[in-house]
Amino acid sequence: MQIAMFPRAFLRAVLAACLIAIMAGTATAQKRGGSITVGLELDIPGLDPIKVGVYDTAAEMAAALLFDTLTTLDDSGKAVPKLAESWTHSDDYKTWTYKLRPGVKFHDGTPFNAQAVAFNIMRQKDPNNHCRCAFYIQGTEKVEAVDDLTVVFHLRDPAVDHPALIAPPAVNNPIHSPTAMQKLGDDYNLNPVGTGPFVLKSWLAGDRLVLERNPDYWNKGHPYLDRVVLRPLPDAQARFASLQAGESDLVWDDEFDADNIMRARKDSALTVHSYTGSGAAVYAFNTKVAPFEDARVRQALVMALDRPRWSQVVTNGLAKPATNPYGEGSWVKCKDDGALPYDPAKARQLIQEYGKPVAFKMLVTATPRGRANGQVLQQFWKQVGADMEIEQVDQTSIVTRAFARSFQLTPWRIIDLADPDVQMFANFHTGSPVALANYSNPELDKLLEHARTTADKELRTEDYCAISRLINKEAIWFWTFQNTYYAISKSRLKGLPKMYSGIIDVSDTWLE
Amino acid sequence: MLGYVGRRLLHLFPVLLAVTLLTFLIASLLPGDLAVAILGDQATPEKVAALRGQMGLDQPVAWRYLHWLGDVIHGELGRSFRTGETVLATIGARLPVSLELMIMAELAGLLIGVPLGILCAVRQGGSLDRLLTGSAFGMLSVPAFLWAILLIYLFAVELHLLPATGWVPFEEDALGNLKSFVLPALTLALGEWPVLMRVLRSDMIATLQEDYIAMAKAKGLRPARILLVHALKPSSLTLVTVSGINIGRLIGGAIIVETIFALPGIGRLLVGAIYTRDFIILQGVVLFVAVGFVLLNFAVDMLYAVLDPRIRHGRA
């Protein structure tokens, strides 16, 4: 045999070289090169904020690759520098000053600077642009460039955690090239230009977005991958099949696709990534209309909920029950959140004490998921003597009806944000347009005001837990399941960070 | 012949006008408001009202329809407020995918359906005929999404022969492009051939009982020649109609298959427009598909005249 002719010493040397190579491989785990294909649920309609108005998770994923934000969240959820190197705030937390990273260039070669940041935000706020994105930054009154590398955010309300709020690549936060936006006009939407780790190579609307490594990226040595291809694969079964067939390296998923998630967990070639963020799926009672002006009725309906069973029926047990509005991913952890127990006997008794028949209508989104959830609730409540009628409406009608308070009970959502203040204040402070329960309580208002102007997280946690106890006791809203996000990848794809806000950020991943 | 074409063309105008009216009415009857879709559902009522005024949405429906019809006649279908692209450019980018899928599916359907239809007609009542008509009925009852998933599982996941999803531009990789259409086209064809086979079979059985076929047999012509030259053409009128309607259906009707296989065609465009409330695109695509359907039916009518001289001479 050929191999027998090699001297033994030679073989030993080869073996040693192999071992060194393996050890070196484990020491520097991140490997350069390679290309991945990602299967998303939705088509990305474009990335110009004033055109698309809001980014869904698919667009956010593309934005994480093409753009940078001023800050980013580390593994513990704390804001750390990205395009901004440092920041300071005024005593009232209404003015935030960011010092920017020097020497960063957009993909079109123009310089990134404070003027670019101000231009981006003010363009979104410009009333002539009719951008729905303006709604999300209505609390930002003005952004101004003090000098090339200093930008100041003037806020309407205090924000003790502003750097964390501007971290996710949601519609408002990525910084686009002002030159490109002005030059391309309508065409900018499908030809976005950022400072991010990847550069747009080609975009076939409805089919694929091809991104290539930015060789001039300011963060030297990053990214590791040469190419990322994003493809919308709307059908869940086909998306999973594309992963099994080896056409995709990572696919978006959710708990309604429980069967495939379970299957992937048993497959060693695949890895299931999941992250439970903050926030939850929630429902709001209108406390100004019968029968919900009576706290006993509200409490009874909440005590009739068997969340684990509900989760089993709808998502094969994947959905995680929520007993407060904060969730596992939030820094707010309560020893006692005041959750009402599941107690159908007590619920029946409360309804009997109320003395009148409990019959009402609940808004439900006209989707299979909406209907399934509505039917489960109907059964739970029937068992304690309450009669709920499902009223199916279109998604946008829910919002319109909720704003106009023309509902008795409506579904809602608390989305995954780095700080609870924005949504808690809006949802529960007296007089806010989304304080859907029509409920006013000076004690609750005081706690919310205190929490938003206090920097100390322990004190804020106390406030928020007291808020949770109060809301749970009064049962003006109830929480059903936490926001949990899923992605399935080939096991050789490494380095996927936590999916904050459900965003799958593959910008710093590598292939093993 | 010209008279026939002229008469059909005259019929076309009221139909097309009705199509535009229906398209417009359907789009304006949909729940939701264009201004709300643009500004977002959390916009203040004042802002929505202002934009509605600016876009003319507060005008009466009749006024808006005439305005829109004027634009349509000038080839101006508007722009998507989400992507900024014109409706025509968007449709133009997606159309080749749907057309290719449609042609491949129809060809595959005919390739399976026509030979089997002839075979069944010749062996009418035989065990092969009974087996094929029976299984055709079974095939018809299986919905396309099930075929799609089964085919993906077999050919992509298990055998690794064909891609599970996706589409490759023809100019990038011609073979890859064809491969990416095999499973979607087959999925559609599996629901198509039974219909084609059955209509051809029954027409063919009738034709084969005509005197001139007996005459041809008596003249000693070869059976293959009788079937393909003398019997097929007069038996294919219903086949042509059904194929025409099917093609029309496939222009926009391949929604499920395009979604499952992630093909960027017209069907996916339509679904996407519904999800994102892109009313302008939605209206444009519906109009395009409806007009396409009408024109295809017109083409089928013309084909009748070619196949059957009695029609073009107005004696039918």
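Modeller: Ala189(B) touches Ala105(B), Ala108(B), Gly109(B) and Ile112(B), leaving aside residues up to four places away in sequence; two residues are in contact if their C-beta atoms, placed from the backbone, lie within 7 Å. This is a predicted model, in which local features need pLDDT of at least 70 and side-chain atom pairs count only at pLDDT 80 or more, whereas totals for chains, interfaces and linings use all residues. Residues are numbered from 1 along each chain as its sequence is written, while chains are lettered from A and ligands numbered from 1 in the order in which they are written.

Ala189(B), together with Ala62(A) and Val228(A), touches the most other members of the largest nonpolar core, which holds 130 residues. Such a core is a set of buried Ala, Val, Leu, Ile, Met, Phe, Trp, Tyr and Cys residues joined through C-beta atoms within 7 Å. A residue is buried if 20 or more other C-beta atoms lie within 10 Å of its own, exposed if 12 or fewer, and partly exposed in between, with C-beta atoms placed from the backbone. The element that gives the most to this core is helix H8 (residues 174–208) of chain B, with 13 residues. Helices (H or I, at least four residues) and strands (E, at least two) are DSSP runs, numbered from the N terminus.

The buried residues are Val297(A), Arg298(A), Gln299(A), Ala300(A), Leu301(A), Val302(A) and Met303(A). They pack against elements of chain A that include helices H12 (344–354) and H13 (368–382) as well as strands S12 (270–285) and S16 (477–490).

Where the chains meet, 34 residues of chain A are in contact with 35 residues of chain B. On the chain A side, the elements that give two or more residues are helix H2 (49–52), S10, helix H8 (236–244) and helix H14 (395–403). H8(A) gives the most, with five residues. By residue type, this side divides into 14 nonpolar, 11 polar and nine charged, where Ala, Val, Leu, Ile, Met, Phe, Trp, Tyr, Cys and Pro count as nonpolar, Asp, Glu, Lys and Arg as charged, and the others, Gly among them, as polar.

Strand S10 (residues 227–232) of chain A pairs with S9(A) in the antiparallel sense over four bridges; two strands pair if DSSP finds at least two bridges between them. One bridge links Glu212(A) to its partner Arg227(A) in S10(A). S9(A), residues 208–213, is also antiparallel to strand S8 (residues 198–204) of chain A, over six bridges, and Ser202(A) has Val210(A) as its bridge partner there. Three residues separate S8(A) from S9(A) in this hairpin, and Gly206(A) in the turn has a positive phi of about 85 degrees.

Six bridges hold strand S6 (residues 140–147) antiparallel to S7(A), and Asp147(A) stands opposite Thr150(A). S7(A) also pairs in the antiparallel sense with strand S5 (residues 95–100) of chain A, over five bridges; Thr150(A) is the bridge partner of Lys99(A). In a regular strand the side chains alternate between the two faces of the sheet. Strand S7 (residues 150–155) has a covered face of Val151(A), Phe153(A) and Leu155(A), and an uncovered one of Thr150(A), Val152(A) and His154(A). Leu155(A) is buried, with 20 other C-beta atoms within 10 Å. Beyond four places in sequence, Leu155(A) touches Lys94(A), Gly139(A), Thr140(A) and Glu141(A).

Chain A as a whole comes to 17 helices and 18 strands. Its radius of gyration, taken over C-alpha atoms, is 26 Å, close to the 24 Å that the globule rule gives for 512 residues, so chain A is as compact as a globular protein of that length; the rule is 2.2 Å times the number of residues to the power 0.38. Buried residues make up 48% of chain A.

As to confidence, chain A averages a pLDDT of 91, and 95% of the residues score at least 70; pLDDT is the predictor's confidence in each residue, from 0 to 100. Over residues 19–27 of chain A pLDDT stays under 50, and the model has zero contacts there beyond four places in sequence.
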